[in-house]
Amino acid sequence: MKPDGRPAESVPDVALEDIEVELFVRALQLGHGYDFSQYSPASLKRRVLQLVQTQQTGTISELTARLLHEAGFLQTVLEGLSVPVSEMFRDPDVFRTLREQVFPLLASYPQINIWQAGCAHGQEVYSLAILLEEAGLYERTQIYATDFNESALRHAQEGIYPAKEAQLWSRNYLAAGGSHTLADYYSARYELIKLDQRLRRNVIFANHNLVTDEVFCEAHLVLCRNVLIYFSDPLQDRTLALFRDSLVRGGFLCLGTRESLDFAPSAADFVPVDTGLRIYRLGPRTPAGE
Amino acid sequence: MGCSAGGLSALESLLAALDPQLPQPLVVCCHTGSANVDLLCELLAGHSTLPVIEAREREPLQPGMVHIAPSGYHLLVEPDRRFALSVDPRVSFARPSIDVLFDSAAEAYRDTLVGVVLTGANKDGAEGLATIRRLGGVAIVQEPGDAESPVMPQAALDHAGADHRLPLAAIAPLLNRLCLP
Ligand SMILES: C[S@@+](CC[C@H](N)C(=O)[O-])C[C@H]1O[C@@H](n2cnc3c(N)ncnc32)[C@H](O)[C@@H]1O
């Protein structure tokens, strides 16, 4: 078979592009204090190239130049690198298991603290609040919902989403064992739904960067789904250690259902509750120095 | 390897005709719409000459194994030739997207990569196949007239061209020739 003619343009130097990404990451770090150097390279590069397209800078180097010289451009870049994609009750089995197996144990604490790290547009925050409400636990729960993307946090506070999502989310809610209908918790107008703002009453939204910020609460449950998938092994490990140090003994950790802990030494501190659903519990403290 | 509508039966017959001695890792991105990747692996394993497993986050690609992209995530190959997942927005209405897999794999494997586009009803894979060719890899596209759904292979041919344009039955024998020493 005769091969078709290959495109005529010269082979673009991928190595050159990699250098540009590295310089871009350096600029972000030196110029603005945001460290993306330990994000997984394949996804990071894809997002940087997407920024080149949406900002029409032509090259990554030009993106770097604007990042350094143009006031306000940082926010655009951070939003481009963050991609706050989420769903309500994504993986309903996870939420069902939290409700059936984790909440009864949380119920023994007089005050329950939950840290939702990487909360994106808040879909999972409202999901949690609804389940806690239905389990009769919400009055004594404090949810800390954090992300490093300011505009995502604002969006999360508003709780407004496209109405076309409601169908899937309603199904998810029922599959998660919800005892009403999701429509009881939102009002629909035009093409949008707005979540009942009473669900927010025990939520604190805060900017927290998992790469650079420290422990800030004593949590009984940390929910951090589909965030560590973007981190390289050492950063994943460091973040798990941060969760460990934030959790009370016997506290719970819930990750995304396809995340792997096989390359993170800190995972040894956690005991599986449901391996398939990536729900873990902090085991007894290992002796200092280990 | 990427496929969509009609992809399941195409994959079954392709995997059945592969040489069991193939030393390379195979990665499959198929928009089946089924959420259950275990089931898909089991189904394909019933036909495949090579073991079929789910592509797992952070795991290296295994020689002589067929890796299946889990649904709901993009599957990427990192420069160190391990898998990564992302929940970035859909690309060409798909997650997993063949473009995302092909683009990243092309960078990791350069001219040692073979990309295959089979039957499908959308344009996913066309961009990625162009990347594979640009970086020196080999592009194989199923003859659209032979495909259950011709849109995807046709889009790949239009956008990226192909080094080999073949009916399904001829693709496994070509892979065997290309991949065996
Ligand atoms: C894909 S979303 C996950 C949303 C939700 N947990 C889910 O699984 O549906 C990832 C979120 O993590 C946030 N994120 C990424 N890196 C972060 C960091 N270093 N610190 C805090 N948040 C981060 C992003 O801004 C984004 O909102």
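## Terms and basis

A residue is called buried when its relative accessible area is under 20%, exposed when over 50%, and partly exposed in between (1.4 Å probe, protein chains only). By that cut-off, buried residues account for 52% of the 290 residues in chain A.

This is a predicted model, where local features need pLDDT of at least 70, side-chain atom pairs count only at pLDDT 80 or more, and totals for chains, interfaces and linings use all residues. Residues are numbered from 1 along each chain as its sequence is written, chains are lettered from A and ligands numbered from 1 in the order written, and side-chain values use heavy atoms, leaving out hydrogens and water.

## Chain A overall

Chain A holds 9 helices and 10 strands; helices (H or I, at least four residues) and strands (E, at least two) are DSSP runs, numbered from the N terminus. Its radius of gyration is 21 Å, close to the 19 Å that the globule rule gives for 290 residues, so chain A is as compact as a globular protein of that length. The radius is taken over C-alpha atoms, and the rule is 2.2 Å times the number of residues to the power 0.38. Along the principal axes, the C-alpha atoms of chain A fill a box of roughly 65 × 60 × 55 Å.

Contact means heavy atoms within 4.5 Å. Of the contacts in chain A between residues at least 6 apart in sequence, 77% join residues at least 24 apart. The accessible surface of chain A is about 13300 Å², with 52% belonging to carbon and sulfur atoms; areas come from the Shrake-Rupley method with a 1.4 Å probe.

## H208 in chain A

H208(A) sits in the loop between β6 (203-207) and β7 (219-224) of chain A. Its relative accessibility is 7%, so H208(A) counts as buried. A polar atom of the H208(A) side chain lies 2.9 Å from the backbone oxygen of E214(A).

Leaving aside residues up to four places away in sequence, H208(A) touches W115(A), T146(A), D147(A), F148(A), D213(A), E214(A), F216(A) and L242(A).

## Chain B overall

Chain B has 6 helices and 9 strands. A compact globule of 181 residues would have a radius of gyration near 16 Å; chain B has 14 Å, which agrees. The C-alpha box is roughly 35 × 35 × 30 Å along the principal axes.

Buried residues make up 60% of the 181 residues in chain B. Of the contacts between residues at least 6 apart in sequence, 67% join residues at least 24 apart. The accessible surface of chain B is about 6700 Å², and 55% of that belongs to carbon and sulfur atoms.

## Helix α4 of chain B

Helix α4(B) spans residues 126-134 and is mostly covered, with 7 of its 9 residues buried. The buried residues are A126(B), G128(B), L129(B), A130(B), T131(B), I132(B) and R133(B). Their cover includes α3 (98-109), β7 (114-117), β8 (138-142) and α5 (151-160) of chain B. Just after α4(B), G136(B) takes a positive phi of about 100 degrees.

## P70 in chain B

P70(B) lies in the loop between β4 (66-68) and β5 (74-77) of chain B. Its relative accessible area is 0%, so P70(B) is buried. Not counting residues up to four places away in sequence, P70(B) touches V37(B), E54(B), A55(B), L85(B) and P96(B), along with R258(A).

P70(B) and C3(B) are 67 residues apart in sequence. In space, their C-alpha atoms are 14 Å apart.

Note on methods: A polar contact is a pair of N or O atoms within 3.5 Å; within protein, one must be able to donate a hydrogen and the other to accept it, and residues adjacent in sequence count only if both atoms are side-chain atoms.
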